[in-house]
Amino acid sequence: MPPLVSFDEAVTNARLPQAGSDLMIAIDMDGTTLHPDMSVSARVVQAIQAHLAAGTKIIVATGRDIPGAHYAIHAIGIPAGHAVVLNGAATLAFHDSISGGAARVGSDRLAELSPGSSAHQAASLADESEYRFSDLYPHADPGVFQDGDFHYSVLEAHSFNPTVEIEALHNVLPQAYIAVERLNKPRLVSHHFPPGELIGESIVVPIDELCVDDATRVTVRAMNMTPADMADVVADVGLHGVEFSIGYTAWLDIAPEGISKAVALEKLRQYIGISSDATVAVGDSGNDLDMLSWAHLGVVMGQAPDYVKAHAMTETASVEEDGLALALERLL
């Protein structure tokens with residue numbers, strides 16, 4: 001792999017706008033923003049907050065489901081904005097400020113809420129999706145969902161039936177853990193995953209009950225395999241008609257065909273009116289490849305493997321060394 005351009009040289013060559021409303025920065029969560037124990041450093045939070053104060057469009061782009069994204073968004077303190085979740089299978093507009101149980105607030109309830117209140121701002125997302133997303137997001141759900149203090153509107157979602165993929169992988173990896181994400185429904189799993197790996201409700205079901213029509217993501221976790229071993233298995237099985245990526249552990253994500261973080265981010269870029277040469281993406285893993293190539297300035301984390309670095313323009317320090325903060329500070 002040829003050496004990457006130095007970060008300062010890459011930023012100079014990119015000729016990005018200053019931090020502000022004309023700049024869009026997409027940030028991965030696990031391994032980029034969050035440490036392996038799901039903590040986030042104060043320096044990273046401060047850098048994100050500085051960009052938010054300047055008006056920069058900070059977009060969370062994660063493989064996590066909605067509860068997992070909620071956890072990360074709350075940890076870094078983004079009060080409102082947009083997020084790409086489930087590796088691009090869903091795009092959200094969100095507002096993170098109000099406590100309460102799970103619910104769905106229809107736009108017809110907007111008039112009942114106090115103007116200016118957190119609930120009113122959240123429910124306003126419903127009206128936004130009805131009259132502003134008609135071209136780019138024609139199937140946006142006009143309601144607002146609630147996950148604790150996290151209100152969100154679903155701008156776009158994609159699903160598929162993973163029967164073929166689950167049966168093929170279960171045949172060669174019968175001990176692997178399999179999880180199937182569904183939008184706004186409990187996750188279905190073949191086994192309970194290790195503590196901390198998945199956030200939100202999971203229901204253990206037999207393998208055949210994982211084969212549903214509304215899957216947004218399938219995760220396969222092989223506890224005693226390396227990523228290279230998993231890659232060999234995937235090559236032997238031959239996955240067709242879906243998108244897939246492999247993480248640092250033997251963790252395989254499968255998404256609907258044609259779906260990736262990059263595809264979702266490009267549509268979101270057009271919606272919020274950012275120039276294509278004013279985009280930055282920071283990531284570290286296999287599900288970030290397309291995103292790093294898509295961005296005008298693709299920045300890879302220092303601990304990323306070479307096959308990921310090959311898709312970036314430049315490199316920052318590792319997550320343990322606050323690499324995301326270093327990159328964001330340079331862009332202020």
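R64 is buried, at a relative accessible area of 10% (buried means under 20%, exposed over 50% and partly exposed in between, with a 1.4 Å probe and protein chains only). The structure is a predicted model, in which local features need pLDDT of at least 70, side-chain atom pairs count only at pLDDT 80 or more, and totals for chains, interfaces and linings use all residues. Residues are numbered from 1 along each chain as its sequence is written, and side-chain values use heavy atoms, with hydrogens and water left out.

The side chain of R64 meets that of D30 in a salt bridge of 2.8 Å, N to O (a side-chain nitrogen of Lys or Arg within 4 Å of a carboxyl oxygen of Asp or Glu). This pair links distant parts of the chain, 34 residues apart: D30 lies in the loop between β1 (24-27) and α2 (42-54), and R64 in the loop between β2 (57-61) and α3 (66-76). Helices (H or I, at least four residues) and strands (E, at least two) are DSSP runs, numbered from the N terminus. D30 is partly exposed, with a relative accessible area of 34%.

Searching the whole structure gives 14 salt bridges. Another of them joins R187 and D65 at 2.4 Å, N to O. Here 122 residues separate the partners, with R187 in strand β9 (residues 187-189) and D65 in the loop between β2 and α3. Both R187 and D65 are buried.

E266 is partly exposed at 23% relative accessibility, whereas R269 is buried at 12%. Elsewhere, salt bridges with shared partners join D65, E181, R187, R217 and D253 into one network.
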